[in-house]
Amino acid sequence: MTDRRGRFLRTNRARPAPRTDGYDAFLSYSRDSDGEFAPAFHAQLLDFDSRDGVRDLRIFLDRTGLANNPSLWDSIKRKLERSDYLILLASEGAASSHFVAEEVAWWLDNREPETLLVALTSGRIVWNQTTNKIDTISTTALPAPLAERIDHEPKWTDLTRLRRRRFWRHHPDRATALAELVAPLRGPDVSTEEILSAHIARQSSAGLRSRLAIAALVVLLVLVGGAFGYAQREANRANEAVNANAAHLLSATSHVVHQDDPAKAQLLAVEAVDRLRDGQTRTALFNAVTANEPADPYLLRTVDVPEETELADVAPTSTGVVGRTDTGDLVRWNPDDGDPTVLRGDRTPFGTVTGSEGAGPVVAGSADGTVVAAVDDLGVTLGRFGPLPEGGTSRQTHLELPGTTAVAVTPSGDTLLVAWHDAETGRNRLGSINLEGRDLAVLESDDGSQRPAEQRLAFRSKVDTSLAVTSLAVGSSRTLAVADAATGVLEIRSLDTLELTEAGPVDLPEGGVPSPSLRDWATLSSGADGTSVTVHHWADGSVRSAACPVPRAWSNPAVVAIDDATTRALVATDNGLVACEISGDPEEHRTWHLSGIRRPGPPVLVGVDRVVAASDGRIALWSTADTHGDVPLPSAAGAAAAGVGPPAGEGGPTAVLATYRGEPAQPASTAASWSDGTVTIHGLGTVDLPADSKDAGRPLLPVWLDRSRLLLITPDGNAYRTQGGTAAGYEAGFRDLVAPGLDQGDPACATIVSAKRTRDDILLVDACSGLHLLDAGLEERALYVPGPLGTTPRLASEWAEPGRVAVADDASRVAVAPRDFSLRVADLDAAARGETGVWTVRGSSVAQVHMIGARSSAEDTSLPEQLVTLGLDSTVRLRTVSGPDGPEALDLTGTYGDVMAVLPGPNLVARDHGPALAFFDIETGQKVGELATRLYAPGGQVAPSDVYAGAGQLLVVQDHGVTTAWTFSDDQMIARACAMAGRQPTADDMPDGVELTDEPTCPASS
């Protein structure tokens, strides 16, 4: 249940103090719409927060009605004057009721709008994002005085699905809905969470009494003849009820707090699912993850830097980053240890660094980040986050050393290395200062204030260098790498003496960017064939290149970092970051396109799978662990995304996607087949048919044979099988694989429009809805089952009209939605046995169909296979595959476009909502959240083919030119929620009445 209370038109009227002689709320409703529901709902409100020591609520309900006796208005007005809140049951009847409009108008004229609470029982409330006003044409549930005076998007408590259910008192969302409305009545400082906690505590107490009564019953039954088994079952049921109450309270509380404390919301949702996996707790988990989910699935989380400081620069450590702010503070962050810590300086802004290229400011740290050094023209600011040495008094000091250009700290933090330019002598110098066991306050010697700054510092070693140093790095074997990137020269020196250890300097590639150790330097080349990164290893002169696909819509790429293992490179653009895998195999590579934050600052690579960047006083953390990376669009699609492709009216290529997962715990193999004939495979890049093939450049329907082999089927039935999933080789010549029904039937039907993988077979559907079942081993001839609508084509290809063919998860049935005809469902098990009468008619003509296989609810009651359809009138309906039940319209409140995908796991429908996907619970129609996607839309029109659900994944074709995946299985969402929270739950996180388990679901280090 979504907390949708919100402000309406702002006024300066004072809110009256809570009354002791009046009413907590006045319930306004339409007798025509809610005449039976309102009294029952009124009773539920009064009873919901009934506690010892807490006064009972007083809520006025007019049972007579102004419509029957208009002279009662003066009496009603007096009741309004004595009420602190107005609760409006919004409905079509309320919108047309003159008397409801009078009550609402009086309230808006005399009370703060925050004291008007809206509970939607039927109809719609639609906000026009373009005009920033209520859409008065589409909105059917608000009386005119309220609709006209709303000045920003309203929120409300949605009771529509609860209102329709006969036994709504037992609905899992009931408690949250009532708590949302009761909480403000208890006072401005009372939260929904508190009301829910009190409610669950009362239920738990009742459960305890029930268990005591059952225990007494056990004794009695044993005494009278024994029925221990029965009594034990009853006791178990009572325990299960208490556990369910706790799980539902955790999930409801997670929803309430997710805007103010996302980490707590994620932890509570995980704990709820751990106790009980049902629709309510799984929806809470989905909402906790996706409500704060960025459009970039790799962005794990962002954290604010404390002290209201702006982070100016970061540098990697072995586990995280160190940084400095623009106000003179130092920062340390290990993502596994919680939030960043700040070492406050004297709040003097850092100066600039005017060395070569003006590259500063610069920051460096020890391997664990406990020692941090930052430089500017004035010198070096040094800080210590770890334990102070014995007798130490200072955590931060500033070493005056004008002309400083670079700094480094040894991994152990025992030595500081500094490079600076002496303006008086014109010399470039290097120096080392011992930090081990020393107080930072005594790093300056007693040489006197009249001596030059460098002579006042307690240098252990000092030498001259011919280089205008831009980078320093401590290497193995007690060496120090010293680089001048402007002139492309590098020196290797002894860490102890700072003397040269190599015969001469090393030449560096022009424009190269170094790894942290300066052992390798990377350059970037961009051209018509794409973007690639070249790594230059100076020690042996070796050079290695790897493709780094940058979306054509992303401008001004520049390489900014490589890691010491030279397995990853980081490219920055005006639109986002691109992390590229530098593989030894040039045929294979992975790429991760990172976005999700605005104006990223200096980015760095951390560890083997993390990227960190500073941005507007925040630190962003991306993780590429256990992911296949992104699949780049073919060049034509990339050009369309960049606005240089086909004209807007023609659009660009669309995709048909296929996934394969052998085991639930394994990552899915994903292929995208584009209408321009290009096929891209996740983690493997682009594959093409042999140039001499007559089908080269034709669209190909993809079907996975197994994890490493992909079958590509042309519209006329030709088939090609990849070897190892790459372009290494193909087996062709499967023309006779397709059944005679295609080759010998009416030519008008002889077009394959859809190809799906079933449990044991490959299913092809032709333009006349004929079915062709192929043995997955491609060893037997295909079985053909003719379509039920004759030989007139009723289906177009999936590139043109996606969503018209759906196969159940258990591969038992296929649903086909032919144009201008009723929905058809075929029994695939019967078809595999050679039967021909396999078709049944289900419902009306629809534009899309999605199949949900049979599943079980929390009560372990088998639920039937279901169909989710999108009607020609844009209505989403739910219907069973078999049985007499008619379709049930899902009242998805708001204005949305096509059904983009259906997720059977979390039981959700995803609909197009412009730059986002809106998710709705299938059973209740309730909106549970949105996921920002920035959908790729050639010509500005988003197509259902941009979104695909399969093998537990939601795949989205992004506007920046890649296909990214979100996985919504329970276990993987739990892992992501724990990682996003970045900590374990504590007892303080738990709502009243719920205790933290001995072993929290989220591990200590997420």
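This is a chat about a predicted model of a protein and some of its residues.

Biologist: Before we start, what kind of model is this, and how are residues numbered?

Modeller: It's a predicted model, where local features need pLDDT of at least 70, side-chain atom pairs count only at pLDDT 80 or more, and totals for chains, interfaces and linings use all residues. Residues are numbered from 1 along each chain as its sequence is written, and side-chain values use heavy atoms, with hydrogens and water left out.

Biologist: OK. How many helices and strands are in the protein?

Modeller: The protein has 17 helices and 65 strands. Those are DSSP runs numbered from the N terminus: H or I with at least four residues for helices, E with at least two for strands.

Biologist: And how much of it counts as buried?

Modeller: 54% of the 1006 residues. Buried means under 20% relative accessible area, exposed means over 50%, and partly exposed is in between, with a 1.4 Å probe and protein chains only.

Biologist: What about the accessible surface?

Modeller: That comes to about 41,300 Å², and 48% of it belongs to carbon and sulfur atoms. The areas come from the Shrake-Rupley method with a 1.4 Å probe, and for residues only the protein chains shown count as cover.

Biologist: Let's do lysines. Where is Lys 264, and is it buried or exposed?

Modeller: Lys 264 sits in helix H11, residues 262–275. It counts as buried because its relative accessibility is 13%.

Biologist: Which residues does Lys 264 touch?

Modeller: Leaving out residues up to four places away in sequence, Lys 264 touches Glu 193, Val 257, Arg 983, Asp 988 and Asp 989. A contact here means heavy atoms within 4.5 Å.

Biologist: Where does Lys 756 lie, then?

Modeller: In strand S45, residues 752–757. Lys 756 has a relative accessible area of 17%, so it is buried. Its contacts, again without residues up to four places away, include Asp 761, Glu 798 and Val 805. Lys 756 and Ala 811 are 55 residues apart in sequence, yet 9.7 Å apart in space, C-alpha to C-alpha.

Biologist: Switching topic: how many cavities are there of 30 Å³ or more?

Modeller: Three. On a 1 Å grid over the protein atoms alone, a cavity is a set of points where a 1.4 Å probe fits but cannot get out. Points are joined across faces, edges and corners, and the volume is the space filled by probe spheres set on the points.

Biologist: What lines the largest cavity?

Modeller: The lining includes Val 753, Leu 795, Glu 798 and Arg 804, where a lining residue has an atom within 4 Å of a point. By class there are five nonpolar, two polar and three charged residues. Ala, Val, Leu, Ile, Met, Phe, Trp, Tyr, Cys and Pro count as nonpolar, Asp, Glu, Lys and Arg as charged, and the others, Gly among them, as polar. Glu 798 also turned up among the contacts of Lys 756.

Biologist: Now strands. Which way do the residues of S33 point?

Modeller: In S33, residues 603–606, Pro 603 and Leu 605 point one way and Val 604 and Val 606 the other, and all are buried. In a regular strand the side chains alternate between the two faces of the sheet.

Biologist: What does S33 pair with?

Modeller: S33 pairs with S34, residues 610–615, in the antiparallel sense over four bridges. Two strands pair if DSSP finds at least two bridges between them. Val 604 has Val 612 as its bridge partner in S34. The two strands form a hairpin with three residues between them, and Gly 607 in the turn has a positive phi of about 60°.

Biologist: Which residues other than glycine have a positive phi?

Modeller: Leu 518 is one of them, with phi near 65°, and Ser 769 is another, at about 65°. Most residues other than glycine have a negative phi.

Biologist: Where are Leu 518 and Ser 769 found?

Modeller: Leu 518 is in the loop between strands S25 and S26, and Ser 769 is in the loop between S46 and S47. Leu 518 is buried, with a relative accessible area of 3%, and Ser 769 is buried, with 3%.

Biologist: Last one: how is S3 covered, and what does it pair with?

Modeller: S3, residues 83–90, is mostly covered, with eight of its eight residues buried. It runs parallel to S1 with five bridges, and it pairs with S4 in the parallel sense over five bridges. Leu 27 stands opposite Ile 87 in S3, while Leu 89 has Ala 119 in S4 as its bridge partner.

Technical notes:
1 Å grid on protein atoms, 1.4 Å probe; cavity = no way out; pocket = protein on both sides within 12 Å on 5 of 7 lines; lining within 4 Å.
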